[in-house]
Amino acid sequence: NAVRSAGHGAFWLATSLGLARHAPAAWRTPPELGGAVGHVAAMYQSRRGDLYALHERHLLRRAGDTWTVVPLPDALRPDVSFTDNIAELPDGRILFGAYQAHGERIAFDGPSLPTFDPGTARFATIRHPEGRRLQLVAAGTPGRSWLITGSGDDTRLETFDGRTFSPVFHAGRRWLSRPRSL
């Protein structure tokens, strides 16, 4: 019988019955996140290297080696049904899919989308200048996000650069639901 260390808490064990390897779990919940039990749908690494996770009740942020749980404003519920639902704007604000809860019902295509400013740790919202409904679809090229906007039966795919919405495709009534990815 023999035991050989494989480093980082892992080891090999050789016995007359065979060979076995033990290794610690690849993911261990950081102590700072112990209270954030639930579903994480989307993760995004900012240009500064910070990691953001869109949790069902929080925005989780890892800056350097420290995780923080950023409580969301009251009645704000993240859209955790999509994995590309978080993006970074050119000024460093984080844009994510979340909507105002109305009791137990959540409107998943509301008139605004929230942003988080890591410099001030404050939330704000963006609105379309035409009052269109907004749904974040995915992060695009650095600083540009893909959104679906709607007004009545008129649906468009647009990009947003932190200041300007730019229509890319007019879908009209053809889209019954949001595309899964771009």
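This is a chat about a predicted model of one protein chain.

Reader: Hi! What should I know about the model before we start?
Author: Residues are numbered from 1 along each chain as its sequence is written, and side-chain values use heavy atoms, with hydrogens and water left out. The model is predicted, so to speak of local features we need pLDDT of at least 70, side-chain atom pairs count only at pLDDT 80 or more, and totals for chains, interfaces and linings use all residues.

Reader: Great. How many helices and strands does the chain have?
Author: The chain has zero helices and 18 strands. Both are DSSP runs, numbered from the N terminus: helices are H or I with at least four residues, strands are E with at least two.

Reader: And what does the C-alpha trace span along its principal axes?
Author: The trace spans about 75 × 35 × 35 Å. The radius of gyration of the chain is 21 Å, whereas a compact globule of 182 residues would have one near 16 Å. That radius is taken over C-alpha atoms, and the globule rule is 2.2 Å times the number of residues to the power 0.38.

Reader: What share of the residues is buried?
Author: Buried residues make up 38% of the 182 in the chain. Buried means under 20% relative accessible area, exposed over 50%, and partly exposed in between, with a 1.4 Å probe and protein chains only.

Reader: Let's go to β13. Why is it described as largely enclosed?
Author: Five of the six residues of β13 (residues 112-117) are buried, so the rest of the structure largely encloses this strand.

Reader: Which strands does β13 pair with?
Author: β10 (residues 94-96) is joined to β13 by two bridges, running antiparallel. Six bridges join β13 to β14 (residues 122-127), again antiparallel. Two strands count as paired if DSSP finds at least two bridges between them.

Reader: Which residues stand opposite each other there?
Author: L95 stands opposite T115 in β13, and F116 faces F123 in β14 as its opposite residue.

Reader: What about the hairpin of β13 and β14?
Author: Four residues lie between the two strands, and A121 takes a positive phi near 60 degrees.

Reader: New topic: where is D50, and is it buried or exposed?
Author: D50 is in the loop between β4 (40-45) and β5 (51-55). D50 counts as buried, at 6% relative accessibility.

Reader: What does its side chain contact?
Author: The D50 side chain makes a polar contact with the side chain of R61, at 2.8 Å. A polar contact is a pair of N or O atoms within 3.5 Å; within protein, one must be able to donate a hydrogen and the other to accept it, and residues adjacent in sequence count only if both atoms are side-chain atoms. Leaving out residues up to four places away in sequence, D50 touches Y44, Q45, R61, R62, A63 and G64, where contact means heavy atoms within 4.5 Å.

Reader: Nice. What is the order of the four-strand open sheet?
Author: The order is β15-β16-β17-β18, with antiparallel pairing. β15 (133-139) and β18 (165-172) are the edge strands, each pairing on one side only. Inside this sheet, seven bridges join β16 (residues 145-151) to β17 (residues 154-160), and G150 has T155 in β17 as its bridge partner.

Reader: And the sheet of three strands?
Author: That open sheet runs β1-β2-β3, also with antiparallel pairing. Its edge strands are β1 (2-7) and β3 (18-22). Five bridges pair β2 (residues 10-15) with β3, and F11 stands opposite H22 in β3.
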